[in-house]
Amino acid sequence: MKRFVVLLAVLVVIIGPIYAYMKWNKTMQPTVEYGARTEDGILTSTGLSLIRRGTHVLTMTGGLQFFVQSNVVQLDQYTGQRVRLKGQLEPNVTTEYLPLFVVTSLEQLDPPDASEEWSVPALGLTVSAPQRWKATITSGVLMFELPDVPLPLLVIKRFAGAIPMGAQTSVGSKPAVRVSSADNMKHDIYVA
């Protein structure tokens, strides 16, 4: 009997806070209306995932984001551009992930960008990127940002440690590893 009481107390101490956090977290999530809609924003690539739906992210003014996918539109052609999407907003696999915008049509809101080359001698590389990406080079770190998007789109810097474990990918035909954050919103790519 004493073991049962101790076990019950341990479960209450461990499970109680987890349950309370989950309930609190659900109340903090904004309510989203699902169904047909049209949204404007910046489209960025997030890659495929086996645990959630969506290959891209649409970031709207104010920071609201949706995962995006389409079987009709080649979304990769519009990465980093301001677009108007029409389609259906659906729940993702779980409420833990952003809602999914299934695109049926896309309108490019800005003219296509001309490319500009950025040289980073400290890293021994040259990167070609759209001119509308705001680039800064500081202490050998190349960072690209997009207008109206709070987080950097791309940060390129030297990494001195061992390459961590992650999903196999390639960059410029070189083998690489992609390490994703817990919410799949940030991806670090390491190239040997």
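Mentor: One definition to begin with: buried means under 20% relative accessible area, exposed over 50%, and partly exposed in between, with a 1.4 Å probe and protein chains only.
Trainee: Then is T136 buried, exposed or partly exposed?
Mentor: T136 has a relative accessible area of 27%, so T136 is partly exposed. T136 sits in strand β8, residues 134-138. Strands here are DSSP runs of E, at least two residues, numbered from the N terminus.
Trainee: What is T136 in contact with, leaving aside neighbours within four places in sequence?
Mentor: V141, L142 and M143. Contact means heavy atoms within 4.5 Å.
Trainee: What kind of model is this?
Mentor: This is a predicted model; local features need pLDDT of at least 70, side-chain atom pairs count only at pLDDT 80 or more, and totals for chains, interfaces and linings use all residues. Residues are numbered from 1 along each chain as its sequence is written, and side-chain values use heavy atoms, with hydrogens and water left out.
Trainee: What is the mean pLDDT?
Mentor: The mean is 78, and 79% of the residues reach 70 or more. pLDDT is the predictor's confidence in each residue, from 0 to 100. Residues 9-13 stay under 50, with 2 contacts beyond four places in sequence. Residues 24-29 are also below 50.
Trainee: Changing topic. How many aromatic pairs are there?
Mentor: A search of the whole structure finds 3. Rings of Phe, Tyr and Trp (its six-membered ring) pair if their centres lie within 6.5 Å; planes under 30 degrees apart count as stacked, over 60 as edge-to-face, the rest as tilted.
Trainee: Why is the pair W118 and F144 called edge-to-face?
Mentor: Because the planes stand at 80°, with the ring centres 6.4 Å apart. W118 is in β6 (residues 115-120) and F144 in β9 (residues 141-145), so the pair ties together parts 26 residues apart in sequence.
Trainee: And W133 with F144, how far apart are the ring centres?
Mentor: 5.5 Å, with planes at 65°, so that pair is edge-to-face too. Ring pairs link W118, W133 and F144 into a cluster.
Trainee: Is F144 buried or exposed?
Mentor: F144 counts as buried, at 0% relative accessibility. W133 is buried as well, at 14%.
Trainee: Last one. How do the barrel strands run?
Mentor: The closed barrel has 5 strands, β1-β2-β3-β5-β4, with mixed pairing. Strands pair if DSSP finds at least two bridges between them. β1 (residues 35-45) and β4 are antiparallel over 8 bridges. G35 stands opposite L89 in β4.

Key: Helix = DSSP H or I, 4+ residues; strand = E, 2+ residues; numbered from the N terminus.
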